[in-house]
Amino acid sequence: MDVAKFTGILRITSQSSLFALNSSFSSALLKPHARNFISLKEKSLCNSITNQKRHFCLVSASKMDHFQNSSHPQGIESFFRSFLAKMEKVYLSRNPTAKSILELVNSADDEDQICYDHFAFRTFGIDGYGIDSMAQIFLDYGFTPRGELRFPEKKLKAVWFAPPTHHSIIESDDNGSGVNGPLPRIFVSELLVDEMSPKAQEIIRKYTKLSGNGNKHAALASALGSLTWETPLYSEFQELAKESEYAAWTLVNGYALNHLTISTHRLKSYLRDITNLNKFIEESGFKLNSEGSVLKVSPDGLLQQSSTVADTSTFHFADGVTESVPRSYIEFAERLVLPQYKNIPNSEMKEYHRRDGFEVGNADKIFESTSKDQLTRKTTVK
């Protein structure tokens, strides 16, 4: 599907962020004022995240004030959650494992409400197609950049964004589930294309150039499940896969949701313990990413993560080849209570009492969920 056909449905401009959607997508309408886009006074925030003058470093306290004091908070919430739901729908339609696991966890305990820890996306870090192309819409809705992670061996970098915490958009979090529950963190990574081989750079530049201004429509492409560039050649997909499986994945999946993550500690049943959840999932016949180990644990022991192996589906390449390609996977994260809050009763425990952020070591292994080694690994019959 050609995203250019949908520019009448949604137009995203880099400075004014004007959104105009017809009734087929959403009845909500939001027009943030251009005056929201001013530089941060706290320059240290930008410096701590990146030395480059990226667009996402233009978020400011005054922008947040406007977001929080908007005269149309219900419209803002309705639109944004509808947007997340569109991404989720595309993701679930392509990844039956994720859909089945969500249903399994829901059925394990009637009281359980599934909350999402984070959404993750992959991008090409070149010509405006990197992190800031996908980050822009989240910045427009009050998310803030919180930290940068580097993966030298994979030639990747990532930035994660925290959701707004003082707006009516989260007032109903405790009663909601999925995209209607607590807003997820956002994790956006990019391939450092300039560090790739000349051949790989040539292939990637070819498709981003064919995309025209597709980087301005990253959010729309994700919600529609469409590529912003032409259908790739199988020969070029193979060429990229030799050097970077991340690059090959992004070529055929574009801005699609790479994975969403269940927040295990928010569950109410015995599955809130990620070890129990991993066992439950494996006993249900699903394969977990075993890179490093099934359970990925941060050095401080407070962030524990695991994930399934990605689903695959057939892809029709431009040169007539039909081949199976990796799609997405589902992740699980348990954030343990920080030491200074250990004495707080469970009934009073909030998310900010728990370990926040991400860990390079964990994330590096989670990336392998779409790798050929994990996809072809044989499971041990118990």
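This is a predicted model: local features need pLDDT of at least 70, side-chain atom pairs count only at pLDDT 80 or more; totals for chains, interfaces and linings use all residues.
Two residues are said to be in contact, or to meet, when heavy atoms of one lie within 4.5 Å of heavy atoms of the other.

In the contact between helices α8 and α9, Glu236, Phe237, Leu240, Ala241 and Glu243 of α8 meet Glu245, Ala247, Ala248, Leu251 and Val252 of α9. Sorted by class, the residues of this contact are seven nonpolar and three charged, with no polar ones. Helix α9 covers residues 245-253, and its axis lies 6 Å from that of α8, with an angle of about 150° between the two. Because angles over 145 degrees count as roughly antiparallel, α8 is described as roughly antiparallel to α9.

Helix α8, made of residues 234-243, also packs against helix α6, residues 198-210, at an angle of about 130° and with the axes 10 Å apart. This angle makes the two helices oblique to each other, and their crossing is left-handed. On the α6 side the contact is formed by Lys199, Ala200, Ile203, Ile204, Lys206 and Tyr207, while α8 contributes Glu236, Glu239, Leu240 and Glu243. The residues of this contact divide into five nonpolar and five charged, and none is polar.

Another pair to find is helix α4, residues 96-108, and helix α10, residues 274-283, whose axes come within 11 Å and cross at roughly 120°. Here the crossing is right-handed. Ile101, Leu104, Val105 and Ala108 of α4 meet Leu277, Phe280 and Ile281 of α10, and the contact consists of seven nonpolar residues, with no polar and no charged ones.

Rolling a probe the size of a water molecule over the atoms shows where empty space is left. How many cavities of 30 Å³ or more does a search of the whole structure find? The search finds three, and the largest cavity has a volume of about 120 Å³.

The largest cavity is lined by 15 residues, and those nearest its centre are Phe187, His259, Glu331, Ala363 and Ile366. At least two lining residues come from each of the strands β1 (116-124), β4 (185-191) and β10 (329-335), and likewise from helix α11 (360-366). Strand β1 gives the most, with four residues. By class, the lining of the largest cavity holds eight nonpolar, five polar and two charged residues.

Terms used:
Residues are numbered from 1 along each chain as its sequence is written. Side-chain values use heavy atoms; hydrogens and water are left out. On a 1 Å grid over the protein atoms alone, a cavity is a set of points where a 1.4 Å probe fits but cannot get out, and a pocket is an open set with protein on both sides within 12 Å along at least five of seven lines; lining residues have an atom within 4 Å of a point. Grid points are joined across faces, edges and corners, and a volume is the space filled by probe spheres set on the points. Ala, Val, Leu, Ile, Met, Phe, Trp, Tyr, Cys and Pro count as nonpolar, Asp, Glu, Lys and Arg as charged, and the others, Gly among them, as polar. Axes are lines fitted to C-alpha atoms, for helices over the stretch in contact, and angles run from 0 to 180 degrees between N-to-C directions. Angles under 35 degrees count as roughly parallel, over 145 as roughly antiparallel, 65 to 115 as roughly perpendicular and the rest as oblique. A crossing is left-handed if the near helix is turned anticlockwise from the far one by less than a right angle, and right-handed if clockwise.
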